[in-house]
Amino acid sequence: MTVSAKGDVLVAGMPGRGPALVLQAPISFWGGVDPRDGRIIDGRHPQYGAAVAMKVLFVPATIGSSSASSVLLELVRGGVAPAALIIGEPDAILLLGLIVAREMGWEPPIAVRLDPEHFSAFCGRTVEVGSDGTLDILEGGSGQ
Amino acid sequence: MSVLLAADERALAAGQDGNAMAMRIVAESARLLGATRLLPIASAHIDGALYHGDSGTLFAEKFVAGGARVAVRSTLNVGSLDLSGGCMVRLNKPQRDMARRMMRAYVALGCEPSWTCAPYQAGHRPARGQDVAWGESNAVVFCNSVLGARTNRYGDFLDIACAVAGRAPDCGLHQPDNRIARIVVDVSGLPGRFFDDDTAWPVLGSLYGRLVGNAVGVVAGVAAKPDEDALKAFGAAAASSGAVGLFHIAGITPEAPDLATATGGLMPDTRIVITPAMVADSRRRLSTAERADRIDAVAIGSPHLSLAEFGRLERHLAGRRLRVPLFACTGRHVLEALERERRRAPLEAAGVTIVVDTCVVVTPILAEIKGGVLMTNSGKFAHYAPGNTGYATLYGSLSDCVESAVSGRPVLSEPLC
């Protein structure tokens, strides 16, 4: 296992492990991600149809509505949240979904800030995100 | 960076009740936003009562069970049900019950049952310079830009938490320095007749949002004086294509009596000159339907229609009957006036479905039609309809929308730019 990057922890949560899903364009969670199953439903997004559930989700930037946190909270409650969120530009609206999840007693995934220039190194790999914000590529991992 | 809570705020946050939960959520958000302290707010507009799943209902009920109550005037954005109009929302029983429970919980917290995304046209207009905590992207951008009150884009949960705590994180657009325009968007190169078309402002807003993202910009070189509904349409389109929280229009909006004031007397970072080709491209992007040979429904009213906009709808209708359903979304503040003036029944007799307290992109109202096409004059509907309703969009003016609904086929007049 090689240490690949170290980000800043934005919201403490469970360490996460999963295939990397590196978004190629900014996303609006509301209207962009189905709160029931975590699929990308914005037809204009290049990764339309991809599932965020159980992925280490790399989000370069977010756009749009102020209801993003609700969608993320619903994903956490429904067990279809990303395994970890790696965010280029911290979006307090989105991350609030994780803060509220904790208040409700639902364990949120960890959210880490990382410069998007590091994102592409994780494409197609399986990634482990530690509670200190360290991102490791797992050898032999096969993401998508 | 850590947040410095006042002694009373710290004591509150340590408790077990709903007020404690509110203070913790506000303080945690302040940390994420990089704010070092909280500031008192004068009002709130709450976007959190829209049903996205059971978790939102359970959250609101946890506040109610914890004895929380809003500390400032708080209006409510749309919910998922039409409580006062005559429109059928196709939510199944368990979701319908949860949506209703959620709406009840927010009212139990002391929020006003305004159920509109245009609270600023329903009597909730904070004064210039006041700090408030507003949610819903179009309401936020209008509050900042047109009213000159100060709010960040408060998302679900934080809006109600701020309303209960009576505080908000002191950062972003609450701070005067962050309200200065860094980008000048120059529209003086567009033909003057462009602004005669009622699609001008939403099309321009959609382009503006894509160009500036979350930066503060100022539109310069506007030949016409937009009315409040045009500013509403511009802001809503801008806030759905980009994360726009505040715009200025030189000579029009309160913090931009002229270009130099809007930019704080500083040299802007960027100057973007808008060309007719950019506008044409922006207009094209609002339509996702591959062919303009059918429509299944027309939707107007995002943001919610004002009484004046209903007047325009009636003038275009001119007593004719519709062949395709037209959904006109509005708030109960407008419905009451329509009923008082005996205008509701003729509209409904013509085939208009008045959707109240909610709208067609946030809850299932449109018929389930595979490959359906929705025509709209709203930049915001055009942006969200494909993902939220499954309909492809066809974008046109209000006149085109009405002519299409009357004839049953798309009528698209040549745009003026």
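Tutor: Axes are lines fitted to C-alpha atoms, for helices over the stretch in contact, and angles run from 0 to 180 degrees between N-to-C directions. Helices (H or I, at least four residues) and strands (E, at least two) are DSSP runs, numbered from the N terminus. This is a predicted model, where local features need pLDDT of at least 70, side-chain atom pairs count only at pLDDT 80 or more, and totals for chains, interfaces and linings use all residues. Residues are numbered from 1 along each chain as its sequence is written, while chains are lettered from A and ligands numbered from 1 in the order in which they are written.

Student: How do α7(B) and α10(B) cross: oblique or roughly perpendicular?

Tutor: The axes of α7(B) and α10(B), the latter at residues 276–285, come within 9 Å and cross at roughly 95°. Because 65 to 115 degrees counts as roughly perpendicular (under 35 is roughly parallel, over 145 roughly antiparallel, the rest oblique), α7(B) and α10(B) are roughly perpendicular.

Student: Which residues of α10(B) make the contact with α7(B)?

Tutor: Contact here requires C-beta atoms, placed from the backbone, within 7 Å. From α7(B) come B:V203, B:L204, B:S206 and B:L207. Their counterparts in α10(B) are B:M278, B:V279, B:S282 and B:R283.

Student: Helix α7 of chain B lies across β6, β7, β8 and β9, so to speak; what is the order of the strands in that open sheet?

Tutor: Helix α7 (residues 200–212) runs at about 150° to β6(B). The edge strands of the sheet are β8 (247–249) and β9 (270–273), each pairing on one side only. With parallel pairing, the four strands have the order β8-β7-β6-β9.

Student: In β9(B), what is the bridge partner of B:V184?

Tutor: Strands pair if DSSP finds at least two bridges between them. β6 (residues 183–186) and β9(B) pair in the parallel sense over four bridges. In β9(B), B:V184 is partnered by B:R271.

Student: Chain B has an open sheet of three strands too. Which residue in β4(B) stands opposite B:H45?

Tutor: That sheet has the order β3-β2-β4 with parallel pairing, and its edge strands are β3 (73–76) and β4 (133–134). Two bridges join β2 (residues 43–46) to β4(B). Opposite B:H45 stands B:W134.

Student: Which helix of chain B gives the most to the side that touches chain A?

Tutor: The contact takes 33 residues from chain B and 28 residues from chain A. Helices α2 (18–33), α3 (54–65), α5 (137–147) and α14 (379–389) of chain B each supply at least two residues of that side. With seven residues, the helix that gives the most is α2(B).

Student: Over in chain A, how many charged residues are in the contact of α1(A) with α2(A)?

Tutor: Helices α1 (residues 68–77) and α2 (residues 92–103) of chain A pack at an angle of about 40°, with axes 7 Å apart, which makes α1(A) oblique to α2(A). Among the contact residues are A:L72 and A:V76 of α1(A) and A:L96 and A:V100 of α2(A). Ala, Val, Leu, Ile, Met, Phe, Trp, Tyr, Cys and Pro count as nonpolar, Asp, Glu, Lys and Arg as charged, and the others, Gly among them, as polar. On that basis the contact has 10 nonpolar and three polar residues, and the number of charged residues is none.

Definitions and conventions: Contact = placed C-beta atoms within 7 Å.
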